[in-house]
Amino acid sequence: MKCGLLPPSFEDTILNICQCVSPNDIRQLGINPNHWYVVALSGEVKTQPVGVMLWKQAMLPKGAAQGAIALYRDSKGQIHALEDRCPHRLVKLSHGQVIGDELECAYHGWRFNDRGECAAVPYLADNQKLPSCKIRRYPVKEQDGFIWLFPGNVETRHGASLQTDGASLQTDGASLQPMGVPEWHHLNYIATVSVINCNAHYSYLIENLMDMYHGHLHEDYQAWAEASLEDIDEDAHRIDAHYTAQSYYKIDKIWSISQLFFPALRRLHPEPLDVSYVYPHWVSTLGKDFKIYCLLCPVNETQTKAYLIHFTSLNAFWRLHKLPVWFRRFVKNSLFGAAQKLLDGLVRQDVQMIEEEQQAYLQNPQRRGYELNRALVSVQRLMRSQSHL
Ligand code: FES
Ligand SMILES: [Fe+2]
């Protein structure tokens, strides 16, 4: 199928991309569970257990993630993750409570330790033994303000060992550590977080984030303009797409932070715009002043949760760096969420488009879109290869 009256070489290019981005099966892809995913903000797990969902059971290899996971903190504040299913009557453990270092089921009060073993039954008779039932525990880490979870089948992988909570588990070398967000605690960066909950497959979200030509959608928020794809680097784990773009923001004076609130203060100027799909997450830089992460928690084929974190850099203010650390921390904390309106606005617009794409796919999975951005061919190639590993 040809796309129209275009010069042959260009037409062929479009044709190839059309075929590559055919939605035929990319919207059904599972995840590669042998990576660290983000399942919650640190602050979301306090004294009560919290239930989270990370991909559905059927799409993962036998013995891998079950989907529903209970997160809780022990008496020292250490985070743990267990299958969210009491082995007694199969209700959710996340509806229970934490007693000391154990998770207690709400129904009959059975308690489980952090290895997933039944540690107490309140009505156990003298002549009865504790049930030998055991539920799955997941490697989990708290790092850079987020809770990272490894849903892979750690015991059957080969290669280096995965260190977590004192336990040594086996996995391949690709994902030993969570990607991390080094700017989270760095005094020179102001963070804003927006939570994305969209009714769409994760591939739509990643494609949205990697296709900077969609600045058109956000014109009213003045985030960036006139993107142009210059180059793509790719390997088995990541895609780096290098664009140039016009940025509206320049954070070179302390009052420039107010550009985040007042669009009238912004001026267009050219900046490099780099976006990277570091499977399974995304990270981007716009010039020297902005860095954005999107940390993914795919739920199932039509639901994706993600955390979008926007950092404004204070690196240009060398005078500020000479001030006491407590004051710099005060500035950082006071300005937390400075870009909230901007970020939430961008997310709202993106989610609407992504969900419309998902709906169109569900109505007619055979129908193809037309695509011109070759970065998306690379992105889909990486998703496919990772999901089949
Ligand atoms: S269902 Fe959990 S203790 Fe009975
Ligand atoms: Fe967007």
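Student: In which strand is the place of alanine 241?

Tutor: This is a predicted model, in which local features need pLDDT of at least 70, side-chain atom pairs count only at pLDDT 80 or more, and totals for chains, interfaces and linings use all residues. Residues are numbered from 1 along each chain as its sequence is written. Helices (H or I, at least four residues) and strands (E, at least two) are DSSP runs, numbered from the N terminus, and alanine 241 lies in strand β15, residues 238-247.

Student: Why does alanine 241 count as buried?

Tutor: A residue is buried if 20 or more other C-beta atoms, placed from the backbone, lie within 10 Å of its own, exposed if 12 or fewer, and partly exposed in between. Alanine 241 counts as buried because it has 26 C-beta neighbours inside 10 Å.

Student: Which residues does alanine 241 touch?

Tutor: Contact requires C-beta atoms, placed from the backbone, within 7 Å. Not counting residues up to four places away in sequence, alanine 241 touches Met210, Leu229, Ile232, Val275 and Ala375. Of helix α6 (residues 375-387), which has 13 residues, the buried ones include Ala375, Leu376 and Met383.

Conventions: Chains lettered and ligands numbered in written order. Expected span 1.5 Å × (residues − 1). Contact = placed C-beta atoms within 7 Å.
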